[in-house]
Amino acid sequence: MAQQAIVFPGQGSQAIGMQAELVAAFTSVRDTYTEASDALGVDLAALRESGPEEAINATENTQPLLLTAGVAVWRAFSEAGGLKPAYFAGHSLGEYTALTCAGALDFADAVRLVRERGQLMQSAVPVGSGAMAVVLGLDDAAVGSICESATDGDDLVSAVNFNAPGQVAIAGTRTAVERAAEAAKAAGARRAMLLPVSVPSHCALMRPAAEALAGPLADTTITAPTVPVLNNVDVAVVSDPDGIRDALLRQLYSPVQWVASVEWLRDNGVTALAEFGPSKVLAGLVRRIDKQLQMDAIDSPAAIDALVAAQEA
């Protein structure tokens with residue numbers, strides 16, 4: 001069989017009612033939501049099923065919810081006879097899911113950790129003062145130059161997610177992000193639109209959150225992953241627990257190198273990727289990065305069965 005990587009999405013993949021088929025089909029999925037709810041003292045199962053929208057989109061809830069969703073798919077896949085991949089990777093928050101599925105983080109610890117991560121990210125920047133936008137149709141260098149020109153001291157914006165060729169997310173103070181978005185349109189961007197998020201992730205404004213997360217991360221047990229996990233910040237496989245902690249802290253205020261990550265996986269023998277989670281966001285990005293890579297979104301019992309069958313072929 002082709003060498004495979006399993007990847008996990010970040011924030012933005014959540015939706016009310018997500019994973020309903022998997023919840024109905026797999027006891028392990030239901031148990032995963034129960035375990036996460038018990039760890040947090042928050043009913044994530046009810047949140048998944050019925051929202052409300054503002055609650056499911058609050059970052060302190062979104063992060064543990066999406067980590068739980070990814071772990072649930074992995075457990076269901078394993079229960080169905082699925083084999084370990086050559087690599088795990090995740091987009092931003094998804095890196096925590098990858099580390100959990102690789103055995104580096106205990107699931108209950110990971111759920112509590114990403115909830116705290118969400119709270120610290122939100123408290124680092126007052127609601128309404130930060131923003132993110134996605135720029136479509138300009139190359140990375142052009143977006144970087146626009147952000148540099150739009151930055152004025154602490155009124156800053158930078159390129160933070162290199163998601164696919166011609167698709168870059170920017171983040172910073174709302175005023176600087178708005179300036180950069182307008183400049184991108186003037187420079188010929190196909191679109192430059194603000195994203196419905198309350199936290200400007202992966203930019204310098206997140207350094208206070210990283211400093212505050214250092215303590216909880218130091219107190220969390222991390223072991224060497226049983227499957228190599230490719231990190232976001234360095235596009236590197238790190239197995240040393242302290243190295244993993246360091247990368248997770250820097251990830252908060254550093255760009256997500258998703259294009260480089262997919263290219264690294266390809267260059268290291270991966271020919272097939274599978275997105276484990278409630279959406280097909282990463283599947284779409286991977287197809288834009290390299291159409292030769294096989295890419296499947298695993299979000300239903302039928303998709304799990306098909307992937308298990310493909311591994312056995």
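**Strand 8 and beyond**

Analyst: Start with a strand pairing: glutamine 4 stands opposite alanine 272, a residue of strand 8. Helices (H or I, at least four residues) and strands (E, at least two) are DSSP runs, numbered from the N terminus.

User: What should I know about the model itself?
Analyst: It is a predicted model: local features need pLDDT of at least 70, side-chain atom pairs count only at pLDDT 80 or more, and totals for chains, interfaces and linings use all residues. Residues are numbered from 1 along each chain as its sequence is written, and side-chain values use heavy atoms, with hydrogens and water left out.

User: Which strands pair with strand 8, and over how many bridges?
Analyst: Strand 1 (residues 4-8) pairs with strand 8 in the parallel sense over 4 bridges. Strand 9 (residues 294-298) also pairs with strand 8 in the parallel sense, over 5 bridges. Two strands pair if DSSP finds at least two bridges between them.

User: What is the bridge partner of phenylalanine 276 in strand 9?
Analyst: Isoleucine 298. From strand 8 the chain crosses through helix 13 (residues 281-289) to strand 9, a right-handed β-α-β crossover. Right-handed means that, with the strands pointing away from the viewer, the path from the first strand over the helix to the second runs clockwise.

User: Are the faces of strand 8 covered or open?
Analyst: Both faces are covered. Ala272, Ala274 and Phe276 lie on one side, Leu273 and Glu275 on the other, and all are buried. That makes 5 of 5 residues in strand 8 (residues 272-276). Buried means under 20% relative accessible area, exposed over 50%, partly exposed in between (1.4 Å probe, protein chains only).

User: New topic. Which residues have a positive phi without being glycine?
Analyst: Glutamine 19 is one, with phi near 65 degrees. Serine 92 is another, with phi near 60 degrees. Most residues other than glycine have a negative phi.

User: Where are they, and are they buried or exposed?
Analyst: Glutamine 19 is in the loop between strand 1 and helix 1 (20-25). It is buried, at 7% relative accessible area. Serine 92 is in the loop between strand 2 (87-90) and helix 6 (94-101). Serine 92 is buried too, at 10%.

User: Where is the cis peptide bond?
Analyst: Between glycine 51 and proline 52, with omega about 5 degrees. Proline 52 is in the loop between helix 3 (44-50) and helix 4 (53-56).

User: What does the side chain of serine 37 do?
Analyst: One of its polar atoms lies 3.3 Å from the backbone oxygen of valine 42. A polar contact is a pair of N or O atoms within 3.5 Å; within protein, one must be able to donate a hydrogen and the other to accept it, and residues adjacent in sequence count only if both atoms are side-chain atoms. Serine 37 is in helix 2 (residues 27-40) and counts as buried at 11% relative accessibility.

User: Last one. Which buried residues does helix 11 have, and what covers them?
Analyst: Helix 11 (residues 241-253) buries Ile244, Arg245, Ala247, Leu248, Leu249, Gln251 and Leu252. Their cover includes helix 6, helix 7 (107-124) and helix 10 (207-219). Contact here means heavy atoms within 4.5 Å.
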